[in-house]
Each structure stands twice: as structure tokens, then as C-alpha cells.
Amino acid sequence: MSDVKRMHETLSRALPDIPLEVESAQAGMSWIHVPAEHIAAVIGHLRHTEGFDYLACLTGIDTGEELQIAYTLRSLPDKTECALKISLPRDEAVVPTISHLYGVADWFEREVFDLYGVHFDGHPDLRRIMMPDDWEGHPLRKDYVFPSEYHGISAERPDPHDLLDPEYEACAVDPAPKSDSKEGSTS
Amino acid sequence: MYHWGEGFAMPTKLDWLLNTPRKNSIWYLLFATACCGIELMQTGGPRTDLDRFGAVFRATPRQADLLLVAGSVTYKMADRVRRLYDQMPEPKYVLAMGSCANSGGLFARSYSVVKGVDKIIPVDVYLPGCAPRPEALNHALLTIQKRMMKDKWSVRRTTSSEKLL
Ligand code: SF4
């Protein structure tokens, strides 16, 4: 049985009030889907009782319809891994922080806030971490509109593809003359 | 042989006199923003050896003649690049190294990378490549030297970064 399935059983027994579901992707990876408001409780349990002492990754996903956050936890002594996912509505993405459980989550959550605009309730210092403080919008959202300038620096530059002569491009991709000459030389 | 009394020959000689030591001691700012910086370090190393042209790195813009922008510059970094440039004493030169510094390169369609450092500061020499080989950087430095030899003592170079905006 995979780590995730086993952990799902353990969690369902320990936290019977929280609806948890195992989901998997075609590629074979599976994770536990947790309701967003319970994520801190579930991760707290994994951290303190199941020995998941290492938060390997906390990242955001924008599927177009909703935002998701994926948590990957590891237990270094047991060599097991457990992935959790939550779904959030795009317009009101608020989720409890887990920065009190893992110190590293502090910056991870700032990153997700910066790039996806997810608000982490109870985070001690929720500021942008990568983009400048006065940046507008959250760049990794699917509906993000690219700025045309920032602090007077224009973001316009013609795309080199548009400057190329279309006929030149047609010649460049047409392999016919080359293969002809090759056949001629070998036969 | 040069004679002081002979009219218009003097400015040319003066230019030569001022520019020759200048071009033979290009001190560049130790400043790398991305992977191109690795090639920059390599160019300073023994094989291509920028030292033989009198070019050594300086860790402060106050002592640098050449701002070598090695790598992609983000909007967040842009203010710092401009400030470094403004802190350099005149005459100052800028070498945009790599596709990123030239035009944004492979990040040209991203939200965070400046589409060419010439949007922030005036650039003297563009060096294409991703990353340019140390030999190419060497050649760019020689091009800067040639560029320096053409400078006129009486003509002030356009150096304000404000003018571009
Ligand atoms: S031009 Fe290429 S090597 Fe240089 S900074 Fe950009 S991506 Fe890196």
C-alpha cells in the first residue's frame, strides 16, 4: 500500500470529523485532498503524531477554475512521503497558515501569496518575497495581465519573430533541398 | 613629432594622451546578475585573462569605469542597476553581456525581466550569446577599448540614466 493510502487511513481514524479523500493523477502520483479550513489541523497531526518532520514543498497551482495549494511532507526517520492538496476559490483565497508548524513554511507561504495572491491566515509577516513591494497583481495567476511598464521602464520590445521575413522562415524550415543533395551524394 | 604651435593637431593628440591610459586600465564593476556572470568569472581567469588588458574587477562602483551587465536584470533589480550606474565616475561605459541584457533573451516574455538593459541605462556595446564565450567577452572588451579611443576630450558623453526614461 502506498504511503498516501496508508496515511489516509491513519488520518481518517485520528480525525474522523474531517472529510479526506485520496486523489491521484494519471502519472501515478497521489495525494490526500483536504478541505482548506482543516489543513492546519491535518498537518499539525502529521507533524506531531506521525513524525513528518520535514516540509519538502509548498506550492500553488492555478488550474484556471480554482487555486490549489500542494503540500509535500516527508518523514526523514521513516523515509515516507505524504502529499496533501487543498482547493480554494479564485476570488477569495484564504487558508490557515502552517508557519507555526514548520519554520520554512513562512517563506513558502509568502511566495504563494506573492505569485498567486493566496492569503494565509495567521501568518506572522505576509509580504511579497520575490516581486517588488509595489508590484500589482499576482503573476502566476492565469488571468494575470502583464504590465506595460514598471517605474517608467517600458516593457515593450518587438518580438524578433515578428521582425523575421516570413519567406526566410519558410526556407529555413523546408528540409527538401538538403535531403535531395544528400541522396545524390551517397548514391 | 608633435609641435604645440601647429594648430589643430593638438586636440587629437590630447585625446590620444587621455584615452590611451584610460583604455589600458578598464576597471569593471564586479557585478553579475545571472548565469552570464559565470562566464565573466571565467574570462577573468587565467585562460582568457582580462588582466593583460589592464582590466581588473572592482568591488565598488566608485572605482569602476565599465559596468558589465552580465545576465538578466529583473524589474526589482533595475533600480539597483541604475543606482550603481549613477554612482560610477565619468567617463563610464556599459557593456551588455548576453541575450538577457541585450533584449530580455529567453525571458523576454516573462513578467519580471527587463527587456534589455538599454531600457534603464545607455549601452555602449552589446554582446550577443547565451552565454557568450569568454573569447567573445574578450572581444567585447577590445571593442570597448576601440570605442574609448574615439572619445573626444571636448565632448561630454551622454551618461545620465534619466534621459532614457
Ligand atoms: S543570456 Fe543566457 S547565460 Fe546569460 S544570463 Fe541570460 S540566460 Fe543566462
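Biologist: What share of the 165 residues in chain B is buried?

Modeller: Buried residues make up 43% of the 165 residues in chain B, and this is a predicted model, with 5 helices and 5 strands in chain B, which follow one another along the sequence in the pattern α-β-α-β-β-α-β-α-β-α.

Biologist: Why is Asp114(A) called buried?

Modeller: Asp114(A) has a relative accessibility of 0%, and buried means under 20%, so Asp114(A) counts as buried.

Biologist: Why is Arg128(A) called buried?

Modeller: The relative accessible area of Arg128(A) is 12%, and because the limit for buried is under 20%, Arg128(A) is buried.

Biologist: How do you know that Arg128(A) forms a salt bridge with Asp114(A)?

Modeller: The closest N and O atoms of Arg128(A) and Asp114(A) are 2.6 Å apart, and the rule asks for a side-chain nitrogen of Lys or Arg within 4 Å of a carboxyl oxygen of Asp or Glu, so the pair is called a salt bridge. Arg128(A) lies in the loop between β7 (119–121) and β8 (149–150) of chain A, whereas Asp114(A) lies in helix α3 (residues 105–116) of chain A, so the pair ties together parts that are 14 residues apart in sequence.

Biologist: What makes Arg74(A) and Glu81(A) a salt bridge, and why are Arg74(A) and Glu81(A) called partly exposed?

Modeller: The closest N and O atoms of Arg74(A) and Glu81(A) are 2.5 Å apart, and the cut-off is within 4 Å, so the pair is a salt bridge. Partly exposed is the range between buried, under 20%, and exposed, over 50%, so Arg74(A) with its relative accessible area of 32% is partly exposed, and Glu81(A) with 30% is partly exposed as well.

Biologist: Which residues do salt bridges that share partners join into one network?

Modeller: Asp62(A), Arg90(A) and Asp143(A) are joined in this way.

Biologist: How many residues of chain B are in contact with chain A, and how much area is buried between the chains?

Modeller: 17 residues of chain B are in contact with 20 residues of chain A, and the area buried between the two chains is about 1500 Å², of which carbon and sulfur atoms give 59%. Between chain B and chain A the count is 7 residue pairs in polar contact. On the side of chain B that touches chain A, α3 (75–87) and α4 of chain B each supply at least two residues, and the largest share, 5 residues, comes from α3(B). The residues of this side divide into 5 nonpolar, 5 polar and 7 charged.

Biologist: Which helix of chain B gives the most to the shell around the ligand?

Modeller: Helix α4 (residues 98–103) of chain B gives the most, with 3 residues. The residues around the ligand include Cys35(B), Cys36(B), Cys100(B) and Cys130(B), and by class the shell has 7 nonpolar, 5 polar and no charged residues.

Terms used:
Residues numbered from 1 in each chain as written. Chains lettered and ligands numbered in written order. Predicted model: local features only at pLDDT ≥ 70, side-chain atom pairs only at ≥ 80, totals over all residues. Heavy atoms only, no water. Near = heavy atom within 4 Å. Helix = DSSP H or I, 4+ residues; strand = E, 2+ residues; numbered from the N terminus. Nonpolar A, V, L, I, M, F, W, Y, C, P; charged D, E, K, R; others polar. Contact = heavy atoms within 4.5 Å. Buried area = accessible area lost by both parts, 1.4 Å probe. Polar contact = N/O pair within 3.5 Å; in protein donor to acceptor, adjacent residues only side chain to side chain. Buried < 20%, exposed > 50% of the residue type's maximum accessible area, 1.4 Å probe, protein only.
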